[in-house]
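Let's take a walk through a protein model together. Have the sequence and the 3D view ready, and follow along section by section.

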Amino acid sequence: MFEQHRDTLDRALSAIADRGYWSAYPESPSPRVYGEGSAERGKEAFESYLGKPFPVDQPGTGAWIGAEHSPYGIDLGVTYPEPSVDALVAAAKEALPAWRDAGPEVRALTCVEIVSRINQRSFELACAVQHTTGQAFVMAFQAGGPHAQDRALEAVAYGYAAMTSSADRARWEKPGKGDPLVMEKRFTVVPRGIGLVIGCNTFPTWNAYPGLFASLVTGNPVIVKPHPGAILPLAITVQTAREVLAEAGFDPALVQLAVEEGRGLASTLATHPDVRIVDFTGSTEYGDWLEGNARQALVHTEKAGVNTVVVDSTDSFRGMLGNLAFSLSLYSGQMCTSPQNILVPAGGIETDEGHKSFDEVAAGLAAAVGKLLGDDARAVELTGAIVNQGVLSRLEAAPSLGQVVLESRSIKHPAFPDAVVRTPAIVRVEASADDVYGHEHFGPISFVIPTASTSESLDVLRRTVSARGALTAAVYSTSPRVLEQAERAALDAGVNLSCNLTAGVFVNQSAAFSDYHGSGANPAATASLTDPGYVAGRFHVVQSRRHA
């Protein structure tokens with residue numbers, strides 16, 4: 001189990017240092033990559049869970065719960081053991097010592113085996129992600145499968161690198177007048193304690209895996225608390241982890257599932273005195289609550305943000321509009337990285353097609369979205385379905401916020417007649433309407449905002465991101481001076497910046513081992529996925545010494 005993964009771990013360690021392109025798990029769902037019949041077997045495995053108790057053996061109250069409903073109109077009917085908080089915590093504490101004593105290398109190689117086994121279930125996970133989040137299948141396969149697995153491996157690599165950055169043993173000799181003082185010293189990585197991962201509805205694996213594996217590799221047992229609407233992908237993950245841990249000779253209670261139908265369990269677990277690490281993705285309101293109340297724990301949160309695009313000029317007008325249209329449409333804007341505020345000088349911009357007025361830029365963007373989503377059958381493979389009623393309610397209220405540039409429309413899904421599918425809405429609001437665009441409107445809603453100049457656009461970016469946070473920012477300009485000013489504004493606001501994206505890279509996508517997701521330098525996130533700071537607080541080093 002261990003030896004076969006040394007090369008993967010070594011390559012991951014090189015990748016986090018080099019920051020170039022590398023992926024351990026192919027993103028193509030082609031049978032040539034994953035084997036003939038793999039897609040069919042994955043679908044069959046997914047369907048075998050529907051309407052039944054999920055096969056996971058762990059402590060509980062004896063009751064079975066679950067109320068997942070697919071955005072594509074299917075009641076999943078999967079039930080899960082209702083957890084007993086005290087039993088989960090007790091089991092995790094009992095499992096910790098042997099996992100701590102195994103050491104960094106064994107833990108890291110075991111984690112890589114877990115990720116490898118998860119990769120083998122990518123089609124099964126894709127179906128589970130699709131029908132709990134509303135993502136289209138290909139996106140569910142890629143983002144919920146290989147891309148999430150790469151992020152998991154990245155966290156393992158960072159954890160292992162941090163734990164092994166210095167020697168675990170040393171012979172200490174201090175010269176003296178007579179014989180030197182000689183001591184043998186031993187340094188042991190000691191986990192912080194039980195970790196809690198609170199999952200989100202839209203990207204249950206992609207957002208949960210970094211925290212799960214960063215805690216596990218550094219010696220901490222982990223309790224996984226999925227969002228009530230997206231349990232199955234993380235249940236499959238926990239099931240896989242427990243199987244590998246048992247085969248490796250460890251207590252499977254190192255990873256446990258904590259399911260709820262309503263609310264309250266996350267808060268109970270997060271404030272439990274034995275829970276020492278909390279990883280959360282979701283609303284700003286609850287993230288702030290965790291940061292203020294889970295005081296016994298190291299808390300990492302990813303919350304809402306106001307992702308901003310500054311348009312100054314472009315040498316590819318069509319390329320810019322096409323790139324932005326794709327970013328606005330992908331998964332119906334239900335991504336924490338999707339652009340929301342598009343700032344354009346009121347006097348217009350210079351392009352390769354000549355001067356374009358503000359209205360022409362706004363109309364061009366609306367036309368690009370309309371063209372991209374013009375064919376309903378193709379459109380649904382890009383937009384997916386609306387994940388929950390909250391997104392739909394915000395979308396329906398969007399026209400009241402300003403002047404509608406592009407109206408959202410309903411699409412009939414050819415395969416799922418009960419799916420709720422909506423195209424993006426684009427609304428013009430004035431630069432003075434900070435109360436509108438100054439906070440996140442999660443979903444397929446974006447604003448085009450006329451500003452007095454590009455300088456004012458950069459000031460708006462700096463101000464809104466510093467106050468409300470953002471996970472992404474973008475700029476379009478043919479001026480080196482403006483690009484430099486945009487980079488300075490991004491540094492001031494602490495947000496990752498993309499410049500002049502017109503081809504096959506989009507602002508709302510990030511690549512493991514190279515791109516950082518979030519920065520920890522603005523209110524949208526307290527940490528970055530993944531950097532050394534994300535793993536460092538999950539363990540301590542305790543020494544023992546004796547005379548040689």
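Start with serine 215: leaving aside its neighbours within four places in sequence, it is in contact with Asn220, Val222, Ile277, Asp279 and Arg538. Contact here means heavy atoms within 4.5 Å. Serine 215 sits in helix α9, residues 209–217. With a relative accessibility of 1%, serine 215 counts as buried (buried is under 20% relative accessible area, exposed is over 50%, and partly exposed lies in between, using a 1.4 Å probe and protein chains only).

Now find threonine 110, which belongs to helix α5, residues 104–120. Threonine 110 is buried too, at 0% relative accessible area. Its contacts, again skipping neighbours within four places in sequence, are Phe2, Trp99, Val244, Leu245, Ala248 and Phe250. From threonine 110 to isoleucine 426 you'd count 316 residues in sequence and 47 Å in space, C-alpha to C-alpha.

## About the model

This is a predicted model, where local features need pLDDT of at least 70 and side-chain atom pairs count only at pLDDT 80 or more, while totals for chains, interfaces and linings use all residues. Residues are numbered from 1 along each chain as its sequence is written, and side-chain values use heavy atoms, leaving out hydrogens and water.

Helices (H or I, at least four residues) and strands (E, at least two) are DSSP runs, numbered from the N terminus.

## A pair of crossing helices

Next up are helix α13 (residues 317–329) and helix α14 (residues 358–372), whose axes come within 8 Å and cross at roughly 60°. That makes α13 oblique to α14 (under 35 degrees is roughly parallel, over 145 roughly antiparallel, 65 to 115 roughly perpendicular, and the rest oblique). Axes are lines fitted to C-alpha atoms, for helices over the stretch in contact, and angles run from 0 to 180 degrees between N-to-C directions.

Who makes the contact? On α13, the residues include Phe317, Leu321 and Gly322, and on α14 they include Glu360, Val361 and Gly364.

## The sheet

An open sheet of 7 strands runs in the order β14-β17-β18-β11-β10-β19-β20, with mixed pairing (two strands pair if DSSP finds at least two bridges between them). At the edges stand β14 (403–406) and β20 (497–499), each with a single partner strand, so one side of each has no neighbour in the sheet. From one strand to the next, the twist averages 25°.

Strand β19 (residues 473–476) pairs with β20 in the parallel sense over 3 bridges, and alanine 474 stands opposite serine 498 in β20.
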